[in-house]
Each structure stands twice: as structure tokens, then as C-alpha cells.
Amino acid sequence: METAPAIFTGTVFVLFGSSLLLWTGHRVRHHEAVAEGVHPRISAVVATLAGVSALALAAWCFAQV
């Protein structure tokens, strides 16, 4: 990978993953729905996995630099 696209992509993944984890944590802490019409635990787990996956992809992108 070239340096500039790897840095840009990694930054996007970091912003998305961290924002999703913060938002999910806030919703769970206040006992609010994470996703409309889905069981609260399942939606929280799926959102958390998506956030962690985004951060893992960011780490991989930054490792390619």
C-alpha cells in the first residue's frame, strides 16, 4: 500500500471504530436501544464487534505504512 492512502484509511477506521464504541457504550450505560427493533444485547454485541473490527483494520492499515 502507498503511504498516503494507508494513513487516510487507517484514520477513517480509527474515527469510525472509536466513535461507534463510545456511542454504543453510552447507549448501553443509559439502557437505551442500540438498534431499533433488535434485542438490546444482540445489537450491543454486534455494534461492539464492528467497532473493534474497525480498530483492528486501522491497526493493520497503519502497520502497512
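**Entry 1: Thr24**

Is Thr24 buried or exposed, judged by its relative accessibility? I looked it up and found Thr24 buried, because its relative accessibility is 3%. My cut-offs were under 20% relative accessible area for buried, over 50% for exposed and partly exposed in between, with a 1.4 Å probe and protein chains only.

A note on the source before I go on. I am working with a predicted model, where local features need pLDDT of at least 70 and side-chain atom pairs count only at pLDDT 80 or more, while totals for chains, interfaces and linings use all residues. Residues are numbered from 1 along each chain as its sequence is written, and side-chain values use heavy atoms, with hydrogens and water left out.

Back to Thr24, which sits in helix α1. I take helices as DSSP runs of H or I with at least four residues, and strands as runs of E with at least two, numbered from the N terminus. Leaving out residues up to four places away in sequence, I found Thr24 touching Val34, Ala44, Ala47 and Thr48; contact here means heavy atoms within 4.5 Å. The Thr24 side chain also reaches the backbone oxygen of Leu20, at 2.7 Å. I count a polar contact as a pair of N or O atoms within 3.5 Å; within protein, one must be able to donate a hydrogen and the other to accept it, and residues adjacent in sequence count only if both atoms are side-chain atoms.

**Entry 2: Ser19**

Ser19 is another residue of helix α1. A polar atom of its side chain lies 2.7 Å from the backbone oxygen of Leu15. Ser19 counts as partly exposed because its relative accessible area is 44%.

**Entry 3: Gly10**

Next I went to Gly10, also in helix α1. Gly10 is buried, with a relative accessible area of 0%. Again leaving out residues up to four places away in sequence, I see Gly10 touching Ala58, Cys61 and Phe62.

**Entry 4: helix α2**

I then turned to α2, which runs over residues 40-63 and has 24 residues. From first C-alpha to last I get 35 Å, close to the expected 34 Å; the expected span is 1.5 Å times one less than the number of residues. Which residues of α2 are buried? My list reads Ser43, Ala44, Ala47, Gly51, Ala54, Ala58 and Cys61. These buried residues pack against α1 (3-29).

**Entry 5: a nonpolar patch**

On the surface I found a nonpolar patch formed by Ile7, Val14, Leu55, Phe62 and Val65, with about 370 Å² of accessible area together. The areas come from the Shrake-Rupley method with a 1.4 Å probe, and for residues only the protein chains shown count as cover. Patch members have over 30% relative accessible area and no salt bridge; like charges are joined within 9 Å, and nonpolar side chains (Val, Leu, Ile, Met, Phe, Trp, Tyr) within 5 Å. Both α1 and α2 supply at least two residues each. Leu55 belongs to helix α2.

**Entry 6: the salt bridge and the loop**

How many salt bridges are there? I count one, taking a side-chain nitrogen of Lys or Arg within 4 Å of a carboxyl oxygen of Asp or Glu. Arg27 and Glu32 form this bridge through their side chains, at 3.0 Å from N to O. Arg27 is partly exposed at 23% relative accessibility, and Glu32 is partly exposed too, at 37%.

Last, I checked His31, in the loop between α1 and α2. His31 has a positive phi of about 55° although it is not a glycine. It is exposed, with a relative accessible area of 75%.
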